[in-house]
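Here is a briefing on one protein chain. Look over its sequence and fold before reading on.

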Amino acid sequence: MLSFRVRTHKSGIFFFAIAQLCFFHEQALFAQTEVQLPSVVIEASLPADLSAPTAGSSRLDGDDLEAMPAETLSEAIASLPGVLISPTGTSSSQTTLSLRGSTSNQVLILVDGVRITDIATGAADLSQLNIPLDMIDRIEIQRGSLSAAYGADAVGGVLHIHTKTPDGSLNWKVSLQNVSFLPVSVIRGSGFSAQRVPFVAQALVDSQQFEMQIGARNILLWSNFLREANLYPYYDANGVRRSRTNADVWKASAGIRWAVPLSVGKAALASNVSWRNLGIPGSLDAPTPEARQHDWNADISAQFSTDAIAQGAVALNLLSYARAGNIKYRESSTMQADEHLSYRTGLDANLSWIPESADWIEDIRSGCSLRYDRLESTAVKKPDESMPERITLGIFAEPRLRLAGWAVVPAIRFDWTNDFPSGISAGLGLLRSMGVHLLGINVSTAYRAPSFDDLYWPASGGAEGNPFLQPESAVSADISLQRDGSSGGWRLGTFARYSEKVILWQPGSDGIWRPSNFGNALYPGLEAEARWKQAGWQIRGSYTFLYSFVLSGSLTLLDDRRVPYVPVHSAAITASRKDHSFSSSFTLHYKSLRYTSTGNIAYLPSVFTADAQFAWDLSETSTFEISASNLFNERHETVKGYPMPGFSISAKYSIRNSR
């Protein structure tokens with residue numbers, strides 16, 4: 001590994017100069033193969049099979065999303081193999097994503113090519129992604145260690161969210177939704193102050209949501225407004241039925257998409273904004289009845305793509321973006337609020353070149369990327385009291401070769417970062433078509449950069465950061481066999497990932513929690529997924545077997561310890577059917593027990609949940625939907641101390657100009 005250190009007090013000037021150099025160098029020499037970092041935005045202009053090679057990929061398009069009884073992104077992807085969603089309550093509470101047992105920090109999430117991970121924590125909260133499902137064109141999940149294609153943080157895999165673009169037509173849609181819980185009585189307070197409260201009319205109007213989308217010519221607009229009381233009932237450790245408090249949410253979001261064809265390619269502009277005011281109830285063991293959080297996020301990106309270079313032999317994709325966010329948290333009205341203001345800006349340039357002189361070279365991808373992150377926080381600062389900032393520059397090359405009936409896709413990447421050691425990531429993908437079957441093999445490496453919280457958390461509240469952390473690293477291998485057809489398809493695969501130097505927060509001898517490169521883990525497993533269309537039915541199922549091993553400290557394979565919160569078995573099945581003006585869909589989820597510590601003593605029991613949705617086309621322009629979540633009123637927790645809602649039912653009415 002190579003180590004580089006630079007002074008960053010003039011990082012703004014440095015970043016601007018390098019960004020311009022990278023951009024104009026690419027414009028002048030786009031027949032050469034040099035330059036890019038974590039971008040796969042080129043998938044918008046190039047075939048999907050040119051994306052990073054991996055044997056563990058899943059995709060949901062618009063028809064798949066419409067056929068699911070899902071209201072949010074988290075619910076839509078929860079049925080895919082290897083995917084573990086961990087909400088701390090309702091859809092508006094903190095919700096993280098794990099792929100094949102990874103931590104949430106080890107999953108890279110892209111929205112139209114832009115990283116949306118939190119700059120302070122390095123993780124992504126899916127509850128902050130307020131993009132309506134109706135605005136999503138497709139979702140792609142790539143599982144495996146993929147830093148050779150995407151740079152930092154793609155240890156467990158990558159989640160791509162591609163939103164819809166204007167189609168040139170004039171259209172609009174307005175929806176109004178109400179969510180209700182069963183009216184039941186609950187106990188509030190404890191001891192002599194405990195009292196029984198009838199849970200009547202309030203439960204029937206627990207939350208409301210308004211959505212609007214308008215498309216005209218080259219512009220597509222959407223907005224979303226949500227209010228949730230989240231006073232849902234749950235049972236405490238003594239079997240007493242109570243209601244969640246301080247879990248209310250008010251949030252609004254909006255976005256714009258603009259796209260226009262050019263004589264030499266296509267230009268597009270996208271922007272999103274979101275705002276939330278929410279209560280933070282805390283866990284049942286450590287409640288925070290007065291804690292409030294206000295946050296907002298805004299991003300804008302501009303993209304240009306063309307395949308008209310060198311008579312169609314070269315395709316170019318350029319993406320520039322900027323993102324800002326703010327979080328203000330106050331635990332009580334008497335305490336001072338912590339505020340974190342973050343900035344991110346970057347430039348990605350991708351090339352795909354099809355050489356005519358070599359039949360065995362199908363395509364050569366290359367590119368460069370530059371990203372600048374900065375955090376201005378009242379709490380998280382560097383030892384010299386300056387604000388944390390990070391500059392990342394990467395270059396990669398990924399040729400696609402044809403050798404003896406195999407598609408061979410090697411990938412190599414170098415990433416330089418100013419505040420931790422830099423180095424090389426590599427991958428090798430092999431694909432072979434065998435009639436109607438496709439065999440895929442992949443071996444790759446990945447790393448995760450320490451977050452600003454990991455490095456610089458202040459020595460207060462019983463916790464302290466560690467500025468000497470090194471990046472986590474991992475190596476993974478996949479092999480899968482799949483078959484696709486007009487009436488369905490299936491995929492069977494096996495995989496293994498070994499992670500080392502995993503950053504863990506643990507208490508020291510002085511009782512203060514600090515992060516260190518302490519953890520190692522092995523994740524072997526199996527995946528299976530299938531989809532089937534017949535007689536009006538559309539069925540999709542998945543199963544994941546993940547037998548993880550904790551190898552931290554003195555633990556070995558012989559100790560046979562499972563990684564906390566990673567179930568050995570998980571499965572899901574979705575069935576949907578549409579008959580004329582009526583459609584129905586059902587989803588069943590199962591997860592086996594999950595240990596809550598490396599000691600493998602305390603655990604959360606296995607859980608089985610079911611959801612359903614029924615929709616009626618009342619006319620050519622209106623639809624009425626009834627959705628039921630947690631049909632069997634299962635009592636469960638996804639994260640210890642955070643009870644999930646029981647049975648709820650929602651009603652949604654939509655009106656549009658035409659189908």
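The points below cover the overall build, the cavities and a handful of residues.

This is a predicted model, in which local features need pLDDT of at least 70, side-chain atom pairs count only at pLDDT 80 or more, and totals for chains, interfaces and linings use all residues. Residues are numbered from 1 along each chain as its sequence is written, and side-chain values use heavy atoms, with hydrogens and water left out.

**Overall build**

- The protein chain has six helices and 38 strands. Helices (H or I, at least four residues) and strands (E, at least two) are DSSP runs, numbered from the N terminus.
- The radius of gyration is 25 Å, close to the 26 Å that the globule rule gives for 659 residues, so the chain is as compact as a globular protein of that length. The radius is taken over C-alpha atoms, and the rule is 2.2 Å times the number of residues to the power 0.38.
- Along the principal axes, the C-alpha atoms fill a box of roughly 80 × 65 × 50 Å.
- Of the 659 residues, 52% count as buried. Buried means under 20% relative accessible area, exposed means over 50%, and partly exposed lies in between (1.4 Å probe, protein chains only).
- The accessible surface comes to about 28,800 Å², and 60% of it belongs to carbon and sulfur atoms. Areas come from the Shrake-Rupley method with a 1.4 Å probe; for residues, only the protein chains shown count as cover.
- Among contacts between residues at least 6 apart in sequence, 63% join residues at least 24 apart. Contact means heavy atoms within 4.5 Å.

**Cavities**

- A cavity is a set of points, on a 1 Å grid over the protein atoms alone, where a 1.4 Å probe fits but cannot get out; lining residues have an atom within 4 Å of a point. Grid points are joined across faces, edges and corners, and a volume is the space filled by probe spheres set on the points.
- The count comes to eight cavities of 30 Å³ or more.
- The largest cavity has a volume of about 200 Å³. It is lined by 21 residues, and the closest to its centre are D153, R344, D373, R390 and A449.
- Strands β20 (361–377), β21 (389–403) and β24 (437–448) each supply at least two residues of that lining.
- The lining of the largest cavity divides into seven nonpolar, six polar and eight charged residues. Here Ala, Val, Leu, Ile, Met, Phe, Trp, Tyr, Cys and Pro count as nonpolar, Asp, Glu, Lys and Arg as charged, and the others, Gly among them, as polar.
- The second largest cavity holds about 80 Å³ of space. The elements that give two or more residues to its lining are β2 (83–87) and β28 (537–546).
- Residues lining the second largest cavity include G82, R100, T544 and P567. That lining divides into five nonpolar, five polar and one charged.

**Positive phi outside glycine**

- R217 has a phi near 55°, a positive value in a residue other than glycine. It lies in the loop between β11 (207–216) and β12 (219–228). R217 counts as exposed because its relative accessibility is 68%.
- N230 also has a positive phi of about 55° although it is not a glycine. It is found in the loop between β12 and β13 (233–235). N230 counts as buried because its relative accessibility is 3%.

**Residues and their contacts**

- S207 is found in strand β11. It is buried, with a relative accessible area of 4%.
- N178 is found in strand β8. It is partly exposed, at 22% relative accessible area. N178 and S650 are 472 residues apart in sequence, yet 5.4 Å apart in space, C-alpha to C-alpha.
- V184 sits in the loop between β8 (171–181) and β9 (186–188). V184 and D137 are 47 residues apart in sequence and 40 Å apart in space, C-alpha to C-alpha.
- I539 lies in strand β28. It is partly exposed, with a relative accessible area of 22%. The C-alpha atoms of I539 and P605, 66 residues apart along the chain, are separated by 28 Å.

Terms used. On a 1 Å grid over the protein atoms alone, a cavity is a set of points where a 1.4 Å probe fits but cannot get out, and a pocket is an open set with protein on both sides within 12 Å along at least five of seven lines; lining residues have an atom within 4 Å of a point.
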